[in-house]
Number of protein chains: 2
Amino acid sequence: MKETDEIRPILPSPQSVDAMDRRILAVLVEDATVSYAELGNRVGLSAPAAHERVKRLKRSGVIQRMAALIEPNALGKGLLAFVHVDTRGWGKTPALMAVAGYPEVEEVHSVAGDACMLLKVRTENTHALEGLLARIYDAPGVLATRSYVVLSTYLERPPQPGVTASWPMPKALLPIENAQ
Amino acid sequence: MKETDEIRPILPSPQSVDAMDRRILAVLVEDATVSYAELGNRVGLSAPAAHERVKRLKRSGVIQRMAALIEPNALGKGLLAFVHVDTRGWGKTPALMAVAGYPEVEEVHSVAGDACMLLKVRTENTHALEGLLARIYDAPGVLATRSYVVLSTYLERPPQPGVTASWPMPKALLPIENAQ
DNA sequence: TTTGAACCCTAATTTCATTCGGCCATTATG
DNA sequence: CATAATGGCCGAATGAAATTAGGGTTCAAA
């Protein structure tokens, strides 16, 4: 994980995220209101040391920001849907990007597969979803949309710091070689 | 460490979220590290008044929690994908729900449409995605999966407090009557 | 060996969260 | 109409937390 035999740039950015950083991130992703003293003794550091690392993680961009996560139902946005948008030509048109201005639109991705663009939207009701879809259809080059309305959400969380080191072998599949 | 401001999980507060609350939320969704004094004079309140409202928003569950938002690329999770899972029978099986235990899985929804379940996953690479898909296929009742690998993300943000009051009329559609 | 950088610590200082008491409003209530 | 009672706000005080300061230790390069 640490590569000390490589060149050591003096630049502040390419600093590696070590195990201690991951433990800090694991705490802060769950609860960003802990005091540095509390954070420190959860990961085994003093308050200033924890603070120093958090500052570094922010500076280097690993921590983008601290945010309040709100309950959409409490704010009248009870309808969640994923919208696949098929476009002719290049999907990322300015008109289509303009829908990102609506607070109902939470995500806009271009994807590989049979859909060009994929949107995650959260509206008050089906009527508002229809209004949003109408805006999408108005964009030139939009051929069709397919909407997947969410019935129940079983898990929804921001990016996690953890990674699964080794995946269990599936029952029915044994690869010939473990390339890479 | 005194706990006079304990967050009670009880939510018998039928109090509505007014315009001032929305303005507070708009600030905190963007940056949860502002001091109450700063928050106060951004929305036009004193520090204790702003504090009081934030406490109420937390108690009532409108603010679920404060969280650090991290940059997945910096943590070696550069591959984002949406996985549609077709199942026979009821999709929400314990085996399928078990994949929610992996930190790579960020969202699990059941959806209306031709897919029963929809997952948002973020892995290190395609190999790890394959490992995760193998776990999904191992769940009984899983007929097929379709994966949409994200090429570019143009927008990705947590739920926003704002709602669009009135949707612009689409060019090509004029309803006969404005019901409701 | 020396130097410098990276890391950590304890202790001091300053900033801020939190509490407290009081001041209007609005809304029941006698 | 008068009078509580309530809800929401403010300014000031207090206590906790963030932040800074001043070394110690280790490790690796000069």
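Reader: Which residues are the closest to DNA strand D?

Author: This is a predicted model, in which local features need pLDDT of at least 70 and side-chain atom pairs count only at pLDDT 80 or more, while totals for chains, interfaces and linings use all residues. Residues are numbered from 1 along each chain as its sequence is written, chains are lettered from A and ligands numbered from 1 in the order in which they are written, and side-chain values use heavy atoms, with hydrogens and water left out. A residue is near a strand if one of its heavy atoms lies within 4 Å of it. Eleven residues surround DNA strand D, and the closest are A:Tyr36, A:His51, B:Ser46, B:Ala49 and B:Arg53.

Reader: How many residues of chain B are in contact with chain A?

Author: Contact here means heavy atoms within 4.5 Å. On the side of chain A there are 81 residues in contact, and the number for chain B is 81.

Reader: What is the area buried between chain A and chain B?

Author: Buried area is the accessible area (1.4 Å probe) that two parts lose on being put together, summed over both. Carbon and sulfur atoms give 58% of the area buried between chain A and chain B, which is about 7,400 Å².

Reader: Which side chain of chain B meets A:Lys120 in a salt bridge?

Author: A salt bridge is a side-chain nitrogen of Lys or Arg within 4 Å of a carboxyl oxygen of Asp or Glu, and across the interface of chain A and chain B the rule finds two. At 2.7 Å, N to O, the partner of A:Lys120 is B:Glu107.

Reader: Which residue stands opposite A:Ile63 in strand 1 of chain B?

Author: Strands (E, at least two residues) are DSSP runs, numbered from the N terminus, and two strands pair if DSSP finds at least two bridges between them. Seven bridges join strand 1 of chain A to strand 1 (residues 63-70) of chain B, and the two run antiparallel. Opposite A:Ile63 stands B:Ile70.

Technical notes. Helix = DSSP H or I, 4+ residues; strand = E, 2+ residues; numbered from the N terminus.
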